[in-house]
Amino acid sequence: MESRYNPAAIEEKWQKTWTEQGLDKTITDSNKPKYYALSMFPYPSGSLHMGHVRNYTITDVIARLKRMQGYRVLHPMGWDAFGLPAENAAIDRGIPPAKWTYENMAQMQQQLKRLGLSIDWDCELATCSPDYYKWTQWIFLQFLKAGLAYQKEAAVNWDPIDQTVVANEQVDGEGRSWRSGAKVERKLLRQWFLKITDYAEELLNDLNKLPGWPERVKLMQANWIGKSTGAYLEFPIVGMEEKIGVYTTRPDTVFGVSYVVLAPEHPLTKRVATQEREAEVEAFIQEVSNQSELERTAEDKPKRGIPTGGKAINPFTGEEIPIWIADYVLYEYGTGAVMGVPAHDARDFKFAKEQNLPIKVVIVPQAEADKDSTPQAAYTEPGIVVNSGQFDGMASTDAKSAIVEYAEKQSFGKARVQYRLRDWLISRQRYWGAPIPVIHCPNCGTVPVPEEDLPVQLPENVEFSGRGPSPLAKLENWVNVPCPTCGTPAKRETDTMDTFIDSSWYFLRFTDAKNEQQVFDSAKTNDWMPVDQYVGGIEHAILHLLYSRFFTKVLRDRGLLNFDEPFQRLLTQGMVQGLTYLNPNKSGKDKWIPSYLVSNPNDPRDPQTGELLQRLYATMSKSKGNGVAPEEVISKYGVDTARMFILFKAPPEKDLEWDEADVEGQFRFLNRVWRLVTDFTPQSRKVSNRQTQLSKAEKDLRRAIHIAIKEATEDMEGEYQFNTAVSELMKLSNALADASCKESPIYAEGIETLVVLLAPFAPHISEELWQQLGHNESVHKQAWIKYDESALVADEITLVIQVNGKKRADLQVPAQADKAELEKYARESEIVQRFLEGKEIKKVIVVPGKLVNFVLG
Ligand code: ANZ
Ligand code: ZN
C-alpha cells in the first residue's frame, strides 16, 4: 500500500481507468431523472487559464454530486471555434485558421482531461466543423422562412486604408482601426439582420420565469431590452404634405414643445432645409456621420445641432416651431425625431440654453407655483399641468393618458410602446465563420441555398493579407454559382455569421451532438432541456444569454422545442484574481508591476524608480503579469488540491484571490485525509465491538458524521456554497482524528463517509482511498449518503446557569429535559446553591436548551 500521498501517480492512474471504463458517459437509463449541467464552452485560444479551471470545476462538482444522487447527467464540452483570433493568427503567422483552431482544441482538450472533469467527450462539438455549421446554416434558413431574417442598409465601421469592415471591438477609443491605425469611417452597407425585436416583449416578460437567475443579470437584460411606454405624435411640416412623427415618453409636456429635432440620418432633413441653409445642413450631416454612437450620446459633451430653416406645427397649439437637426438624436431609436421640451428634459434644457431657444413651463410642482418665470433647470418630476389649455390643473400623470386620448381622437397621435432593443446585425465581412447560405441571383433576387445542399462549406485554401475585402469575396470559383431556382449565373453571399449565432444553440446540439439527419432529435432535446444549471462569466450576462433565449423561442415556435427558456438556473462565477502591484504615478500598461519584480513585499517599490507601490488583487491577465498557470499548480500539488483550493477559497459567484498559502493548506488537508484513511485498515474494522448500545464517544462521533453529511449536502445543493461544504469535510476529518473509538464500526462509517463526501471535490484521491478501503466499484458510482435525522440529536446539552444575569456555572444535562427539570438541575447544582444561600429568589427564567437565570431580591 502506498504510504505517502502522491497526487501525480494517482491522477494518472485514475484518469486512464475512467476513460477505459467510460465512467463519464451520459447515462441513458431513462428511469432516472435527468440533470443537465453546462459550463459556457470555451474559445480555443490555445491554453486554459484559471478562469476556465474555476468554471469547469464548478459544473463538475455539481455533475458528480447529481450522478451520486441518482440522476442521469449530461455534462458536455465543446468549442466556440469560429472568430477573429484565428484569422489574425493566419495573417500574423501564416497558419490557416482551421489548422490553428484544431491544434488549439487538441491541446486544450488534453489540459481539460488532466483536470479530472467528468465530461462526456462523446458529445464534443466544434462550431467551426461542417457537421455543426451545416445546422447553424439550416437554422438560419428557418429564420428566413419565418420572416425573421432580412437585409437592410446599415452603418458599419469602414477602414479606408485596409479597405475592410472592422468590428466595434477593433476600433479604439479614438475611433482608429487597431490594424491600420486609420480613422474609421461609417459606411452604409447591406447587412443581414435577425428580428429579435419581434420577441422583445416575451424576452422581457419571461425573465419572470427565471427565479434561478441572479437578479442582477435579469436587470441587465431588462435594461437592454429597454421597454418604454409613451406616445407617437405627428407634427405637420409647414408647406409640405409630410409630417414629422416623434416618439415621446412625456406626452403631458406637449404644450411646452419649443422645437422639433431630427436625427442627421432622417430622410426628411434635406427636404425641410430651406435653400439658404441647405449647404450648412449638408456639411453638418457629413460631419456627424463620422462619429460613433458613443461619441454622439456621451453625457458630458455639448449637444451639437443646427436649424434647418424649416418649420413644423405643434398640433395641440397650432404654433409654428423650428425644425432642427442634432447629433444626440439617434436615427435607430423611436422615430428618429424628438419634440424638444427644454423646461422638462435636462438634455433639451441644455440644448435650448446653448442655442437660445425658448423655454416654456408646462408642469409645476404645486398648483401655487409661478408658471411664467424662466426656470434655472429642467423640472422632470410629475406635477400639475399649466399653460396647456384644457388640460390645465390636471395631475401630469393623468394628463399623459388624457393627451394621448385627445391626440387619438384628432388622429394626430396614439399610445406607443418602444423598445431600446434593436434587430441583431449578424453579417460579418470575414472568413472564419459560418457562410450565410443564400445566393444572389440577378433574376430571382436573394435565394436560399436548398437544405439538401448544406453545408455551404468554407473553402480551405484562402489567402490572408489582412487587407481588402473578405477573402471569400476574392474566391471566384467559390463565389460564382448557378442560381438554384433558375440556373442563371449568380453569386454566393460572401458574408459569414456573427459567432454569437454559433453559441445561441450549441446547448441544444449537445443533447444529440452526432445527429447527421437533423439539427437534433426533438424528443432527445426536449428530454434533456432545459439546462438545469448553467455556469459562466458575467461578461455574457446580456448578449449571449439574450440571443440563446431568442433562438429557443423561435425554434419553439417552429415546432422543434417544447419549452420557453433554455437555462433554468444560472450561476455567474466570480473572477480569479492574482496579486499585483500598482504604481499610481505611471499610466497605461506600465503602471502594473508584476509581483516577481517586487523584491520586498513589506515595502513594495518600483524596481525602476523606487516609488512606493500599492498592493492589490486584480483579475489575472497577461498585461498585469499576475496570472498563475494551471499547469504550474497542478504539477506542484496535483489537480485535486487545485480543485479543492478553488472551491474552498470563495463562494463560486464571488471573486477569488489566488493565494499560494491557501493552496498549500488544501494540500495539507488532503494529506491528512490520506493518513486518516490509510492508517485505518480493514483489519481494525473487523474488530468492531458488537454492543448495540453506543458509547458516548461513539454517539458524539456519529453525530459529527451526520452533521457533516447534512451540512455539506445542503451547502452543495441550494446556493452552491462549496467553500462551507469543504469546511464541513475538514470538521469531519478533525472529529475522526480526535475520536477515541477508532475500533468502532462508527469510526469505519466515518472514514467511508469522508471519502464519499470528498469524491465530487477531489475525484482522484477519493477514488484511490475508496479502493484502498477494499471496494471494487468506483466511488463515483456510490449513492450519495443521506443523513440520519436521529443521529443529529444531542444526548446532552450544556446548560448555562446565571444569577442576576451573570454566568456562574455550566452543567451537562439530558437534552430532552423540560423546563421544570432544567430548573431542578440548576437548583441542585452545588455552585448555584452557594450563591443562593440565604437569598430570596424573586424569579426564575428558563430558556429551554440554553440557560436558567435566578433573579434574586
Ligand atoms: C419629449 C420629452 C419631454 C421627452 C420631456 C422626455 C422628457 P426612453 O425612456 O429612453 O424611451 N427620444 C425619443 N427618440 C429619441 C431618439 N431617437 N434619440 C434621442 N432621444 C430620443 O426615452 C424617450 C425620450 O427620449 C422621448 O421622450 C424623447 O424625449 C427622447 F420632458 O420627448 B421625450
Ligand atoms: Zn435565379
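Which protein donors hold the zinc ion (ligand 2)? In this predicted model, local features need pLDDT of at least 70 and side-chain atom pairs count only at pLDDT 80 or more, while totals for chains, interfaces and linings use all residues. Residues are numbered from 1 along each chain as its sequence is written, chains are lettered from A and ligands numbered from 1 in the order in which they are written, and side-chain values use heavy atoms, with hydrogens and water left out.

The donors of the zinc ion are Cys-441 (SG), Cys-444 (SG), Cys-483 (SG) and Cys-486 (SG), at 2.1 to 2.4 Å. Donors here are N, O and S atoms within 2.8 Å of the metal (3.2 Å for Na, K and Ca); water is not among the atoms, so sites may look incomplete. Along the chain, these donors of the zinc ion follow the spacing C-x2-C-x38-C-x2-C. The arrangement is tetrahedral because the four donor atoms subtend angles of 104 to 115°; four donors count as tetrahedral if all angles lie between 85 and 135 degrees.

Ligand 1 is surrounded by 18 residues, each having a heavy atom within 4 Å of the ligand. The closest are Ser-228, Thr-248, Leu-330, Tyr-333 and Arg-420. Polar contacts are pairs of N or O atoms within 3.5 Å. An N or O atom in the side chain of Tyr-333 is 2.5 Å from an oxygen atom of ligand 1, and a polar side-chain atom of Arg-347 lies 3.0 Å from a nitrogen atom of ligand 1. For Arg-420, an N or O atom in the side chain is 2.5 Å from an oxygen atom of ligand 1.

Technical notes
A polar contact is a pair of N or O atoms within 3.5 Å; within protein, one must be able to donate a hydrogen and the other to accept it, and residues adjacent in sequence count only if both atoms are side-chain atoms. Four donors count as tetrahedral if all angles lie between 85 and 135 degrees; four count as square planar and six as octahedral if opposite donors are over 155 degrees apart and all others between 65 and 115; anything else is irregular.
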